[in-house]
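Biologist: I should like to learn how to read the main features of a model of this kind. May we take them one at a time?

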Amino acid sequence: MTGRVGRYEILGTIGSTASGATYLAIDPDSDRRVAVKQLVPSLAREPGFMNGFREEAEVLGRLDHPNCVHVYDYFEDETGVYIVSEHVAGASLRMLLDANGRLGPQQSLGVARGALTGLAYAHELGLVHRDLKPENLLADLEGTAKLADFGQAFYTGELGDRERPSTGSAAYMSPEQVRGDQGDVRADVYTTGVVLYEFLAGRPPFVALSRLAIMKMHLEREPPELSRVNPRIPVDVSRVLDTALSKDPSDRYSSAGEFLAFLEQVARDAYGADWLESASISDLVGDAAEARAVAGIASGPRVGTAAAGEVRA
């Protein structure tokens with residue numbers, strides 16, 4: 001996409017997910033870079049979807065937390081439905097995993113702590129993310145993890161009875177999402193467990209050749225033991241993950257806040273009270289941003305570091 005949408009000048013493409021494509025743009029009113037996401041037309045055509053989504057956009061606009069990407073604007077025109085949010089100058093966790101294979105144990109716990117802190121805040125507002133994965137978890141140049149892409153979120157208030165389709169990446173779906181259930185905050189607990197497992201192991205717990213095969217594994221199989229995949233992982237960390245990845249939601253942590261409390265406790269027990277000082281990923285983010293910049297110079301003009309992947313002009 002080139003040109004303008006609404007008042008925003010499009011600079012290039014950041015990337016795409018199941019819920020839509022995201023573009024880097026300039027907001028002329030504030031002269032700042034923003035991320036403009038266009039929802040896929042199929043979502044906008046779902047019966048009853050748009051009425052509820054307009055109301056939920058107001059809730060998304062209240063996201064004001066350092067571990068959540070801030071949403072600035074929502075608008076519709078003849079070309080589509082758009083959400084405008086903070087542009088994070090840094091890297092997605094997918095980029096870091098692609099570059100490094102996996103994160104160190106303390107780094108993994110530190111990023112998961114940021115994600116869970118943001119999720120706990122969103123849950124307090126009544127929002128269930130439903131689509132957490134490394135692509136939707138961003139880190140700024142200071143290494144602060146930020147939740148992005150609430151395009152598949154649902155609001156547990158008055159809108160909570162409105163059903164949503166089970167979309168997103170099969171590797172990160174909770175069992176209840178696989179079954180077609182809307183679920184609740186415990187679905188985010190499970191998905192965060194999947195993401196943390198991938199940080200530690202270098203791969204999600206369930207890998208197969210087809211989407212359906214992976215979804216079936218979420219329902220029927222237990223994840224491979226982390227100690228076999230990465231012997232450096234403390235036993236207590238594995239136990240926390242086992243709880244988060246329980247098939248039955250009632251056996252998981254009841255909220256992101258409870259998961260966070262247990263994660264911080266095992267991190268302190270394993271690495272000491274100052275464990276966060278050794279958990280920073282800022283160097284990895286800086287390396288990824290620099291690599292993207294160098295690639296841009298080498299291959300022609302680019303528009304810079306993206307919120308969730310490489311920007312393609």
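Biologist: How many bridges pair strand S2 with strand S3, and in which sense do the two strands pair?

Modeller: In this predicted model, strand S2 (residues 8-17) pairs with strand S3 (residues 20-27) over seven bridges, in the antiparallel sense.

Biologist: Which strand is joined to S5 by six bridges?

Modeller: That strand is S6 (residues 80-86), and S5 and S6 run antiparallel. Asp77 has Gly80 in S6 as its bridge partner. The link between S5 and S6 is a hairpin, made through two residues.

Biologist: Let us turn to the helices. What span should helix H4 have, and what is the distance between its end C-alpha atoms?

Modeller: The expected span of a helix is 1.5 Å times one less than its number of residues. Helix H4 (residues 105-124) has 20 residues and should therefore span 28 Å; its end C-alpha atoms are 28 Å apart, in agreement with that value. Gly126, which follows H4, has a positive phi, near 90°.

Biologist: How many of the residues of H4 are buried?

Modeller: Buried means under 20% relative accessible area. Of the 20 residues of H4, 16 are buried, so the helix is largely enclosed by the rest of the structure.

Biologist: Is Thr192 buried or exposed?

Modeller: Thr192, which is found in helix H6 (residues 185-201), has a relative accessible area of 2% and is therefore buried.

Biologist: With which residues is Thr192 in contact, leaving aside its neighbours within four places in sequence?

Modeller: Contact requires heavy atoms within 4.5 Å. With those neighbours set aside, Thr192 is in contact with Leu116, Leu119, Leu132 and Phe259.

Biologist: What is the relative accessibility of Gly286?

Modeller: Gly286 lies in helix H11 (residues 282-299). Its relative accessibility is 28%, and Gly286 therefore counts as partly exposed.

Biologist: How many residues apart in sequence are Gly286 and Ala91, and how far apart are they in space?

Modeller: Separation along the chain and separation in space are to be read side by side. Gly286 and Ala91 are 195 residues apart in sequence, while their C-alpha atoms are 8.3 Å apart in space.

Notes:
Residues are numbered from 1 along each chain as its sequence is written. This is a predicted model: local features need pLDDT of at least 70, side-chain atom pairs count only at pLDDT 80 or more; totals for chains, interfaces and linings use all residues. Side-chain values use heavy atoms; hydrogens and water are left out. Helices (H or I, at least four residues) and strands (E, at least two) are DSSP runs, numbered from the N terminus. Buried means under 20% relative accessible area, exposed over 50%, partly exposed in between (1.4 Å probe, protein chains only). Two strands pair if DSSP finds at least two bridges between them.
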